[in-house]
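The stops below go from annotated positions to helix packing.

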Amino acid sequence: MDRLVNTVRPYAWGSPTAIPELLGVAPTGEPQAEMWMGAHPGAPSRTERGPLNEVVAADPVRELGKPAVEKFGPRLPFLLKVLAAGAPLSLQVHPDLDQARAGFAAEEAAGIPVDAPHRTYKDANHKPELICALTPFEGLCGFRAPTAAADLIAALGVDSLKPYVDLLHAHPEEAALREVLTALLTADREEMAHTVAEAAAAADRLGGDHAPFADLAHHFPGDPGVIAAMLLNHVRLQPGEALYLGAGVPHAYFDGMGVEIMANSDNVLRCGLTPKHVDVAELLRVVRFESNDPAVLRPEASPSGEEVYDTPIDEFRLSRFVRAEGAAPSDVTAPTPQILLSVAGRPKAGEVTLAPGESVFVPAGEKTELSGAGTVFRATVVA
C-alpha cells in the first residue's frame with residue numbers, strides 16, 4: 001500500500017483551524033478548505049512511487065483491478081476529501097454524465113482554457129457526492145415544496161418579494177421553482193441588492209427558521225443567492241450522519257467538517273453566494289426543479305463491524321470502522337482499489353500506523369487488515 005501525501009486547498013470559505021487540528025499541525029492563518037485524496041489531475045495525492053494519477057496510469061489493472069477498469073475505465077473512479085467549511089460555500093449543482101460530457105466537449109471545441117474563470121466544465125465526468133459529518137454540520141439540500149418556500153419568503157414582509165411568493169403559489173411545482181429561480185438570477189442587480197438588504201434585516205428580526213438566511217446575507221450582502229437559498233431545505237447533520245447529492249440537486253454547505261466522497265470530477269455550476277462566474281443558461285438546463293425531503297443517511301452496520309453508507313452510485317462506496325481497543329483485526333482485502341483514512345485514534349492499516357488525517361491507497365487485491373483503536377473511513381467502488 002502507499003502512504004498518501006495530500007494537498008489542502010485554501011479556498012476562501014475554508015476554516016483556518018479545523019483541518020490543522022485534525023492533522024495536529026499549526027494553522028497557517030489562511031483558510032484550509034479541502035484535503036484531496038485520490039488521483040484527480042487537479043491535485044493528485046503523492047506517493048513514494050510518484051503522483052497517484054501517474055501510478056494508476058502506469059498499470060491500471062494492477063492498481064484498480066480488472067473489474068473496476070472494465071466498468072469505469074483506467075482511472076480511479078472516486079475522489080475522497082476532508083471538507084472544512086468556516087463560511088458558506090456557493091449555492092451549486094452538478095451535472096449528470098451526459099451533460100458533463102457534452103459541456104466539456106463544447107468548451108474544449110471553443111478553445112476555452114480549463115482554468116479560465118468563465119469555464120464551466122473542468123472535466124467530462126459527473127459529480128454525485130456524499131458528505132458525512134465529522135462535527136455538527138449545516139447546509140442546504142434540494143428544493144422545499146413551493147408553498148413552504150412561499151410561506152418562508154412571505155413572512156419577511158418585503159413588498160418587492162411578493163411577485164416571487166405569488167409565482168410559487170400560482171404554478172405547478174416544476175414551473176414555479178424554475179420561474180422564481182430564473183427571475184432571481186436575471187433580475188437587475190442593483191434593485192436586487194436593495195431587496196436582499198431589506199430581506200436580511202427582516203430575517204435578523206425574525207430569527208428562528210430565518211436566521212440562517214440572515215447569516216448568509218452578512219457573508220454575501222446584496223447577492224440574489226440569499227433569496228434563492230430560501231427555496232431550499234435547511235439541514236443540520238450530527239457526527240456520523242450523511243447526505244447524498246445526485247445530479248441537478250441544488251445545495252450549499254454553511255459550517256462544519258466532514259468526509260466527502262464523489263465521482264472523480266470537479267464540475268460545479270454555481271447559482272449564487274459567490275463572486276465567481278454564474279452561467280445562468282447552463283445552470284437552468286442542469287437543475288432538477290423538483291422538491292424533496294433530504295434523506296439523512298445513517299450507516300448500516302454489518303457483522304464485520306463495517307458501517308456502510310448506502311448510495312445509488314457505483315463509482316464510490318463509503319464506509320467506516322469505529323474500532324475499540326483490543327478489537328480483533330478487520331479484514332478489508334478487496335478486488336477493488338481503496339483509500340483508508342483515519343480520523344481518530346492511531347489505528348493500523350497493515351503495518352502502517354495512521355494518525356488522524358493520514359491515509360493510504362491500497363491497490364486492488366492487496367491483503368489488508370485494520371487493527372488498533374480508532375475510526376477509519378474506507379473509500380472504494382462497486383465493481
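What follows is a list of selections in a predicted model, with what each one shows.

**Stop 1: the annotated span**

Select residues 3-144. In an unreviewed entry, UniProt lists this stretch as "domain: Phosphomannose isomerase type I catalytic".

**Stop 2: the listed binding site**

Next, select Gln92, His94, Glu129 and His251, which the unreviewed UniProt entry gives under "binding site". These residues are spread over 160 residues of sequence but cluster in space, the largest C-alpha distance being 12.6 Å. Where do they sit relative to the largest pocket? Gln92, His94, Glu129 and His251 are included in its lining. To place His94 in the fold, show strand E7 (91-93) and helix H5 (97-109): His94 is in the loop between them.

**Stop 3**

The remaining stops are helix pairs. Two packed helices are described by the angle between their axes and the distance between the axes.

Select helix H6 (residues 146-154) together with helix H7 (residues 162-170). Their axes are 8 Å apart, and the packing angle is about 160°. Angles over 145 degrees count as roughly antiparallel, so that is the description for H6 and H7. H6 passes H7 in a left-handed crossing. Now show side chains. On the H6 side the contact is made by Pro146, Thr147, Ala149, Ala150, Asp151, Ile153 and Ala154, and on the H7 side by Val165, Leu168 and His169. Coloured by residue class, the contact of H6 with H7 has seven nonpolar residues, two polar and one charged.

**Stop 4: H7 against H8**

H7 and H8 pack at about 160°, with an axis separation of 8 Å. Which way do the two helices run relative to each other? H7 and H8 are therefore roughly antiparallel. Here H7 passes H8 in a right-handed crossing. From H7, select Tyr164, Leu167 and Leu168; from H8, select Ala176, Leu177, Glu179, Val180, Ala183 and Leu184, which complete the contact. The residues of the contact of H7 with H8 comprise eight nonpolar, no polar and one charged. Leu168 takes part in the contact of H7 with H6 and also in the contact of H7 with H8.

**Stop 5: H9 against H10**

Finally, select helix H9 (residues 189-206) and helix H10 (residues 211-219). The two axes come within 8 Å and cross at roughly 140°. That angle makes H9 oblique to H10. H9 passes H10 in a left-handed crossing. The contact is made by Ala200, Ala203 and Asp204 of H9 with Ala214, Ala217 and His218 of H10. By class, the residues of the contact of H9 with H10 are four nonpolar, one polar and one charged.

Terms used
Residues are numbered from 1 along each chain as its sequence is written. This is a predicted model: local features need pLDDT of at least 70, side-chain atom pairs count only at pLDDT 80 or more; totals for chains, interfaces and linings use all residues. Side-chain values use heavy atoms; hydrogens and water are left out. Axes are lines fitted to C-alpha atoms, for helices over the stretch in contact, and angles run from 0 to 180 degrees between N-to-C directions. Helices (H or I, at least four residues) and strands (E, at least two) are DSSP runs, numbered from the N terminus. Angles under 35 degrees count as roughly parallel, over 145 as roughly antiparallel, 65 to 115 as roughly perpendicular and the rest as oblique. A crossing is left-handed if the near helix is turned anticlockwise from the far one by less than a right angle, and right-handed if clockwise. Contact means heavy atoms within 4.5 Å. Ala, Val, Leu, Ile, Met, Phe, Trp, Tyr, Cys and Pro count as nonpolar, Asp, Glu, Lys and Arg as charged, and the others, Gly among them, as polar. UniProt positions are given in the numbering used here, feature names are shortened, and annotations may be inferred rather than shown by experiment. On a 1 Å grid over the protein atoms alone, a cavity is a set of points where a 1.4 Å probe fits but cannot get out, and a pocket is an open set with protein on both sides within 12 Å along at least five of seven lines; lining residues have an atom within 4 Å of a point.
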